[in-house]
Amino acid sequence: MKQPKIDLPKTRFEQTFDAIGITVFLLSIIYLVSVFGSLPDEVPGHFNGSGEADRWGSKMELWILPLVGGGLWLLMTAVSKYPHTFNYLNLREDNIEVQYKNARLMMNVLKNEIILFFSFITYQTIQIAKGAVEGLGAAFLPIFLVVIFGSTFFFMYRMLKM
């Protein structure tokens with residue numbers, strides 16, 4: 001079956017979550033710009049599984065996360081406009097619209113979770129460089145994994161139930 005194209009406007013939730021994600025992201029960039037000149041030349045460049053900095057590098061590396069996060073957000077936003085190109089496990093003529101909405105919502109949630117996490121890491125890296133905190137914290141990696149994989153499994157479960 002050739003999957004039809006359907007024009008589905010964004011839901012209020014998607015619009016709100018996009019606004020929250022972009023606002024936090026822009027605030028993290030504004031913060032980075034405002035403190036950049038006062039940061040030491042070396043800042044954390046990588047963290048181990050316990051959330052401790054295990055590599056230090058140039059403060060220019062602080063721009064990597066916003067660039068990657070923003071790029072991923074834009075790419076996932078573009079991809080989510082074409083739910084008819086996604087692979088579905090349980091697509092039938094009677095559930096196409098609801099499956100498309102679920103898939104697009106999954107993309108929306110994941111892209112905003114990613115940009116929020118990247119913004120948090122940027123902020124925390126600055127705080128570590130300033131000596132205000134020690135690391136990301138031991139709970140960061142488990143929380144990140146539970147949120148990202150939990151969201152993915154939740155939406156896949158919904159896909160199978162629809």
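Guide: Of the 162 residues of the protein chain, 42% count as buried. Please bear in mind that this is a predicted model. The chain holds four helices and two strands, and from the N terminus on its elements run α-β-β-α-α-α. Along its principal axes, the C-alpha trace spans about 60 × 30 × 25 Å.

Visitor: Why is Pro-66 called buried?

Guide: The term buried requires a relative accessible area under 20%. Pro-66 has a relative accessible area of 6%, and therefore it is buried. This residue is found in helix H2, residues 64-79.

Visitor: With which residues is Pro-66 in contact, leaving aside its neighbours within four places in sequence?

Guide: Pro-66 is in contact with Phe-25, Ile-29, Leu-32 and Thr-122. Two of these, Phe-25 and Leu-32, are themselves listed among the buried residues of H1.

Visitor: What makes Ile-20 partly exposed?

Guide: Partly exposed covers the range between buried, under 20%, and exposed, over 50%. Ile-20 has a relative accessible area of 42%, so it is partly exposed. Ile-20 is found in helix H1. Its C-alpha lies 19 Å from that of Pro-9, a residue eleven places away in sequence.

Visitor: Which residues of H1 are buried, and against what do they pack?

Guide: In H1, the buried residues are Glu-14, Phe-17, Asp-18, Gly-21, Phe-25, Ser-28, Leu-32 and Val-35. The buried residues of H1 pack against H2 and H3.

Visitor: Why are H1 and H3 described as roughly parallel?

Guide: Two packed helices are described by the angle between their axes and the distance between the axes. The axes of H1, residues 12-35, and H3, residues 96-129, cross at roughly 20 degrees and come within 9 Å. An angle under 35 degrees counts as roughly parallel, and H1 and H3 are therefore given that description. H1 passes H3 in a left-handed crossing. By class, their contact has 14 nonpolar, seven polar and five charged residues.

Visitor: What makes H2 and H3 roughly antiparallel?

Guide: H2 and H3 pack at an angle of about 170 degrees, with their axes 9 Å apart. An angle over 145 degrees counts as roughly antiparallel, and H2 and H3 are therefore roughly antiparallel to each other. On the side of H2 the contact includes Pro-66 and Trp-73, and on the side of H3 it includes Phe-118 and Thr-122. By class, the contact of H2 with H3 has 13 nonpolar, five polar and one charged residues.

Visitor: Why are H3 and H4 also called roughly antiparallel?

Guide: The axes of H3 and helix H4, residues 140-161, cross at roughly 175 degrees and come within 9 Å. The cut-off for roughly antiparallel is an angle over 145 degrees, and H3 and H4 therefore receive that term. Among the residues that meet are Phe-117 and Phe-120 in H3, and Phe-144 and Phe-155 in H4. The residues of this contact divide into 15 nonpolar, four polar and two charged.

Visitor: How do you know that the span of H3 agrees with its number of residues?

Guide: At 1.5 Å a residue, the 34 residues of H3 should span 50 Å; the end C-alpha atoms are 49 Å apart, so the two values agree. H1, with 24 residues, reaches 34 Å from its first C-alpha to its last, close to the 34 Å expected.

Visitor: What makes H3 mostly covered?

Guide: Of the 34 residues of H3, 28 are buried, and H3 is mostly covered. Just after H3, Gly-131 takes a positive phi of about 85 degrees.

Visitor: Why does Ser-80 count as buried?

Guide: The cut-off for buried is under 20%. Ser-80 stands at 7% relative accessibility, and therefore counts as buried. Ser-80 lies in the loop between H2 and H3. Not counting residues up to four places away in sequence, Ser-80 touches Phe-86, Arg-104 and Met-107.

Visitor: What percentage of the contacts between residues at least 6 apart in sequence join residues at least 24 apart?

Guide: In the protein chain, 72% of those contacts join residues at least 24 apart.

Notes
Residues numbered from 1 in each chain as written. Predicted model: local features only at pLDDT ≥ 70, side-chain atom pairs only at ≥ 80, totals over all residues. Heavy atoms only, no water. Axes fitted to C-alpha atoms, helices over the stretch in contact; angles between N-to-C directions. Parallel < 35°, antiparallel > 145°, perpendicular 65-115°, else oblique. Left-handed = near helix turned anticlockwise from the far one by under 90°. Nonpolar A, V, L, I, M, F, W, Y, C, P; charged D, E, K, R; others polar. Buried < 20%, exposed > 50% of the residue type's maximum accessible area, 1.4 Å probe, protein only. Contact = heavy atoms within 4.5 Å. Expected span 1.5 Å × (residues − 1).
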